[in-house]
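Subject: Structure handover

Hello,

Please find the structure below. My notes on it come after.

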Amino acid sequence: MFIAETDSTNDLLRRRYMDEEDLFTVSAGYQTAGRGQQGNGWESERGKNLLFSTLLRDWHIPVPQQFIVNQVVSLSLYHAVLTCLTEDLRQGLAVKWPNDLYFGDRKLAGILVENIWQGGLVNRSIAGIGLNVNQTVFLSSAPNPVSLCQVTGSEHDSEHILRLFLDALRQYRLRLAEADSDIASEYMRVLYRREGFFLWEEREVSLLPSMPRMTRNDSQFLARIDTVLPTGELVLLTPDGNRRTYHFKQIRYVI
């Protein structure tokens, strides 16, 4: 379903279409209030990018394992975009924990997954995605946006990319039902800065929406990614062998 303009495709889907079939998708030419993680805004020039939300039904995933939803959605988008890149460009594409899509050190797409729980299980999810496709000028204060057009030097068909994403999503959902599914391992293999030690920055973040967000910029350290837990926490390994575990927004790369 395509609409020319809405506030947020995630919000629209939640308001009107939660009883639709699995993989029901709303895409928009423009969002007046597009959202990223923890309420961050999302800049998108009208008609230039791919903005959509997809309903995922009947997961029946225990809440402590809910990060597999983010992994499935991230990998589906990763492979849809990979198809649009030439062989020499593909090595630059990566998933940045928890679920942004990066090309090199620049942000190509943002993903916002909102889960609905029922009886200790993830029953439904809304996966909202903003993919920079044909925009070439970015005016917001976002530090490092990039589009597919800028990466490849040519424009791309957003509807085609959406179809590729949904096809990949169907395949990953089938794989998830397999006893020996290796989705979590595949996610680890395509993570941004997966190999080597990089500079990180700890952040003090309130986990309660009603409390102010506090950050500090003087706690930087070297570490590499050790693993990502089923609940989504990132485990880092420092050069001296210590492991540190972080929730989203408690840590960030120094890029």
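The notes below go through the backbone, the rings, the charged pairs and the cores.

This is a predicted model, in which local features need pLDDT of at least 70 and side-chain atom pairs count only at pLDDT 80 or more, while totals for chains, interfaces and linings use all residues. Residues are numbered from 1 along each chain as its sequence is written, and side-chain values use heavy atoms, with hydrogens and water left out.

Helices (H or I, at least four residues) and strands (E, at least two) are DSSP runs, numbered from the N terminus. Buried means under 20% relative accessible area, exposed means over 50%, and partly exposed is in between (1.4 Å probe, protein chains only).

Backbone

Most residues other than glycine have a negative phi, and most peptide bonds are trans. The peptide bond from Trp 97 to Pro 98 is cis, with omega near 5 degrees. Pro 98 belongs to the loop between strand 4 and strand 5. Arg 193 has a positive phi, near 55 degrees; this residue is in the loop between helix 6 (183-189) and strand 8 (198-202) and is buried at 18% relative accessibility. Lys 249 also has a positive phi, near 80 degrees. Its loop runs between strand 11 and strand 12, and Lys 249 is buried, with a relative accessible area of 13%.

Aromatic rings

A pair of aromatic rings is described by the distance of the centres and the angle of the planes. Rings of Phe, Tyr and Trp (its six-membered ring) pair if their centres lie within 6.5 Å; planes under 30 degrees apart are stacked, over 60 edge-to-face, and the rest tilted. The structure holds eight aromatic pairs. One of them is Trp 97 with Phe 248, which is edge-to-face, with 6.0 Å from centre to centre and 80 degrees between the planes. This pair links distant parts of the chain, 151 residues apart: Trp 97 is in the loop between strand 4 (93-96) and strand 5 (100-103), and Phe 248 is in the loop between strand 11 (243-246) and strand 12 (251-253). Trp 97 is buried at 6% relative accessibility, whereas Phe 248 is partly exposed at 26%. Elsewhere, Tyr 102, Tyr 192, Trp 200 and Tyr 253 make up one aromatic cluster.

Salt bridges

A salt bridge is a side-chain nitrogen of Lys or Arg within 4 Å of a carboxyl oxygen of Asp or Glu. The structure holds 14 of them. Glu 5 is partly exposed, at 42% relative accessible area.

Arg 90 and Glu 87 form another salt bridge (3.9 Å, N to O). They are separated by about one helical turn because they are three residues apart in helix 3 (residues 87-90). Arg 90 is partly exposed at 30%, while Glu 87 is exposed at 63%.

Arg 243 and Asp 226 also meet in a salt bridge (3.1 Å, N to O). Arg 243 lies in strand 11 and Asp 226 in strand 9 (residues 220-228), so the pair ties together parts that are 17 residues apart in sequence.

Nonpolar cores

A nonpolar core is a set of buried Ala, Val, Leu, Ile, Met, Phe, Trp, Tyr and Cys residues joined through side-chain atoms within 4.5 Å. The largest has 61 residues, of which Leu 77, Leu 101, Leu 131, Phe 165, Trp 200 and Leu 236 touch the most other members. Helix 2 (residues 67-82) gives the most to this core, with eleven residues. A second, separate core of ten residues includes Met 18, Val 26, Ala 28 and Ile 126.

Regards
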